[in-house]
Amino acid sequence: MKLNVDVVLPCLNEAEALPGVLRALPEGFLPLVVDNGSTDGTEQVALRLGARVVHEQRPGYGAAVHCGLVHARSDIVAVMDADGSLDPTSLPAMTELLVSEDADLVVGRRVPSHRAAQPWHARAGNALLAATLRRRGVPVHDIAPIRVGRRTRLLELGVEDRAFGYPLELLVRAGKAGWRLREVEVDYRPRAGGRSKVSGSVRGTLRAVRDMSTVLVRL
């Protein structure tokens, strides 16, 4: 299968990890870095390594992802973190599943390669949210930290959250819309630089769970 797939990489101060992520992208997977207010030279690193860069001034993971979808040029789009915790070489197989099985969305289920990759508070928060999704009929065990879908349909889904609740709202709306979801296991490694905005602290995890819980109440 020969496709060009834009890979949306929401970034807030990922200059340290970004080179490894960009160099690991398989052929045909084109990096679209969304700079969400970085102060560490993320934009310069991305441009130097040949990535396309757009800017989103509104703070928040969801704002950055939405900006990336709006600016993507390919029919099929991937979204993944740019902190080095996820392996870009998972993307071709996920894209193949999307096309060959006529799925609407292919999402990753993280399998930690090391205990440090996902602290206890992050595992607990994720398990709680995933269980809630399954009770709502969405057959997943993670909150889609890496995903592949069709750009137009993702935008038409109308996800409104612009913070950490974005991936959860995406899954809830996809479930309500009757989307065919496929979940695959992906390696999850310790991030390559700095501390995670979410799993790097109990406070960060609680903030993310709060944002996501608000989505569940609203939907």
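This is a predicted model: local features need pLDDT of at least 70, side-chain atom pairs count only at pLDDT 80 or more; totals for chains, interfaces and linings use all residues.
View 1. A search of the whole structure turns up 1 cavity of 30 Å³ or more. A cavity here is a set of points, on a 1 Å grid over the protein atoms alone, where a 1.4 Å probe fits but cannot get out, and lining residues have an atom within 4 Å of a point. Points are joined across faces, edges and corners, and the volume is the space filled by probe spheres set on them. Among the lining residues, look for Val-65, Leu-69, Arg-147, Gly-149, Tyr-166 and Leu-170. The lining divides into 9 nonpolar, 1 polar and 1 charged; Ala, Val, Leu, Ile, Met, Phe, Trp, Tyr, Cys and Pro count as nonpolar, Asp, Glu, Lys and Arg as charged, and the others, Gly among them, as polar. H3, strand S4 (76-80), strand S6 (146-150) and H7 each supply at least two residues, and S6 gives the most, with 3 residues. (Helices, H or I with at least four residues, and strands, E with at least two, are DSSP runs numbered from the N terminus.)

View 2. The structure holds 1 aromatic pair. Its partners are Tyr-61 and Tyr-166, edge-to-face at 6.4 Å centre to centre, with 75 degrees between the planes. Tyr-61 lies in helix H3 (residues 61-71) and Tyr-166 in helix H7 (residues 166-176), so the pair ties together parts that are 105 residues apart in sequence. For the cut-offs, rings of Phe, Tyr and Trp (its six-membered ring) pair if their centres lie within 6.5 Å; planes under 30 degrees apart are stacked, over 60 edge-to-face, and the rest tilted. Both Tyr-61 and Tyr-166 are buried, where buried means under 20% relative accessible area, exposed over 50%, and partly exposed in between (1.4 Å probe, protein chains only).

**View 3. Helices H3 and H7, tucked in.** In H3, 8 of the 11 residues are buried, so this helix is largely enclosed by the rest of the structure. Cys-67 and Gly-68 are among the buried ones. H7 also has 8 of its 11 residues buried, so H7 too is largely enclosed by the rest of the structure. Its buried residues include Pro-167, Leu-168 and Glu-169. Just after H7, Gly-178 takes a positive phi of about 75 degrees.

View 4. Being 4 residues apart, Arg-173 and Glu-169 are separated by about one helical turn. Glu-169 is buried, at 0% relative accessible area. Salt bridges that share partners also join Asp-102, Asp-104, Arg-153 and Arg-180 into one network. Elsewhere, Arg-182 bridges to Glu-101, the closest N and O atoms being 2.2 Å apart. That pair links distant parts of the chain, with Arg-182 in strand S7 (residues 181-188) and Glu-101 in the loop between helix H4 (91-100) and strand S5 (105-112), 81 residues apart.

**View 5. A charge over a ring.** Arg-110 lies over the face of Tyr-188, at 5.0 Å from the ring centre. To count, NZ of Lys or CZ of Arg must be within 6 Å of the ring centre and within 35 degrees of the ring normal.

**View 6. Two loop residues with positive phi.** Most residues other than glycine have a negative phi. Asp-102 has a phi near 50 degrees and sits in the loop between H4 and S5. At 43% relative accessibility, Asp-102 is partly exposed. Ala-144 has a phi near 55 degrees, and its place is the loop between helix H5 (120-135) and S6. Ala-144 is buried, with a relative accessible area of 0%.

Technical notes: Residues are numbered from 1 along each chain as its sequence is written. Side-chain values use heavy atoms; hydrogens and water are left out. On a 1 Å grid over the protein atoms alone, a cavity is a set of points where a 1.4 Å probe fits but cannot get out, and a pocket is an open set with protein on both sides within 12 Å along at least five of seven lines; lining residues have an atom within 4 Å of a point. A salt bridge is a side-chain nitrogen of Lys or Arg within 4 Å of a carboxyl oxygen of Asp or Glu.
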